[in-house]
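Please examine the sequence and the model shown here before reading the numbered points of this note.

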Amino acid sequence: MSLRVYNTLSKTKEPFEPVKPGQVGMYLCGPTVYKPSHIGHMVGPVIFDAIKRYLAYSGYQVTFVVNVTDVDDKLIAESKKRGISMPALAEEMTADYMHNLEAMGVDTIDHFPRATQCMGDIIKFIEKLVAKDFAYESDGDVYFDVEKDREYGKLSNRDVASMQGEGGGMAERKRSAIDFALWKSAKPGEPSWDSPWGKGRPGWHIECSAMSHAILGETFDIHGGGLDLVFPHHENEIAQSECCHGKPQAKYWMHNGLMQASNEVGKIGGRATREAQPGDQQAQEAGKMGKSKGASAFSELLTRHAPETIRFFLLSTHYRRPIDFSEGRIEEVHTGLEQFYRFFKRYERITGASFYEVDYPTHRAAGDFDPGDEPTLVQVAELRKRFLESMDDDFNTGGAVADLFELVRTANKYADDQKLEAKKPTDAQLAVLRQAATTLRELAATLGLFRAAPAGPQAGGDSELVGKLMELVIELRANARKTKDFATADRIRDVLGEAGVVLEDRPGGTEWTLK
RNA sequence: GGCGCCGUCGCCAAGAGGCUAAGGCAGCGGAUUGCAAAUCCGCCAUCGUGGGUUCGACUCCCACCGGCGCCUCCA
């Protein structure tokens, strides 16, 4: 079994073979930082974070780059609206983005280039395109001459001849309506940089060509982004980079599906209806709905859902599929996640050690183990194999997560059958349970899951007072149960239940958790 | 109009030319429990519709119906 990756360029799954053996360069298009990020902004980073983890686990040395677009028309407009400078706005929104990434456990990114800090690379890149006659200056602007690129349209499968292109407001400055800006001359009062063509700022696409080249080289391995970027952004990037260097920019183009608001028109954060004509009341309503409902800030979502739940939600479906977003979905997913957390507690009760402290192999080959003829271990080995096969098949995290659930069931069944909580387990029994936990940790780690106990009241954040009180109540109830005063015992449990406290009577004593 | 994607159990969601069509949520039955909770076991789908290719299709092809994306800034 070997890794296969779906390539938008070829529209097929291809065997994964990096340009340089053993090394992978990966570039993901990041956000334009003009507004707080919403959940849609987290899809790509979480997925590509998992992809990097899995590649590293598979033995590759991965360099992961995510850019931040901090100069752009939208930034200019928003900063004017708020009466702050563009850099101040970018700073604020970049910080928001970073915090959200951190919450999601996305910490594998090696470089965060920002457009404004790479102006030299960008200008050099444009100069080269002009020198090679793939671009032309026009009244302080510089445009890419699409006609010069015979391969234009190969990514998004478009035919140049039949493309309309509106030309925007710049139509008369361009040779062709489908040409796109590499450099835009500055209007008075706009943020600008000096260039051979006068003061101005880069067009949207050029920064990614310039920065990916500067960090990863002329041809790197994986270029990722949302499906909505295929055209025009990635198509234009390819045009710029490949005309500039005469080589493929990236070997594999990977695009993730977009987050969509359930039962709503359009996708989150984007314009909801395309054909909204002035006066078309209904379309405008729908557009507004999609925007206001879907695009709520991610940081706000984090106040209602645990970060790991959101991460789990994003990974429980295949990355190329669109995901319907709804709070109900997330809650449902959380219910499933709790199955893991309960097992972790059970593991700790039995072994006396935290699941999160279990040592696990960080390399694929090191995770192989000999199950012998122990049925549970045979099962664990089989599930591990299935997990790996799923991930090898274009990073099928949805299928892989299913195997994780089965792994937990297998371990629980073993603990049940062997009555590990009722009596002192033997070393052999502990070894089996440990192997199951080790494999679970090993595999989950490739998805960036279960790296640390989730924060929250159930994780030990309770006040000392509550702890003492619960200890007392549980003791009183235990006494009642001993004397078969079940009326009292049940009443205690019921009243606590109404208050959101769940009691679980186990062989080793009663445990309580907050629901 | 052009380029694409999707339609699998009540809901979400993997998969696959012939093997029992994963898993989660919800539901039902059982084991366990003083009763519960948790856990385990079992039950719960013939894959949008109609054609075609094939010895055989849910899986390939065509048409249709339904949902969606891009074609203009968007992860």
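How far apart are the mean positions of the positive and negative charges of chain A?

1. The mean positions of the 64 positive and 77 negative charges of chain A lie 2 Å apart. Lys and Arg count as positive, Asp and Glu as negative, while His and the chain ends are not counted; each charge is placed at NZ of Lys, CZ of Arg, CG of Asp or CD of Glu.

2. This is a predicted model, in which local features need pLDDT of at least 70 and side-chain atom pairs count only at pLDDT 80 or more, whereas totals for chains, interfaces and linings use all residues. Residues are numbered from 1 along each chain as its sequence is written, chains are lettered from A and ligands numbered from 1 in the order in which they are written, and side-chain values use heavy atoms, without hydrogens and water.

3. Chain A contains 15 helices and 14 strands (DSSP runs numbered from the N terminus: H or I of at least four residues for helices, E of at least two for strands). Its C-alpha atoms fill a box of roughly 95 × 50 × 35 Å along the principal axes.

4. Of the 515 residues in chain A, 48% are buried, that is, under 20% relative accessible area with a 1.4 Å probe, counting protein chains only.

Definitions and conventions. Buried < 20%, exposed > 50% of the residue type's maximum accessible area, 1.4 Å probe, protein only.
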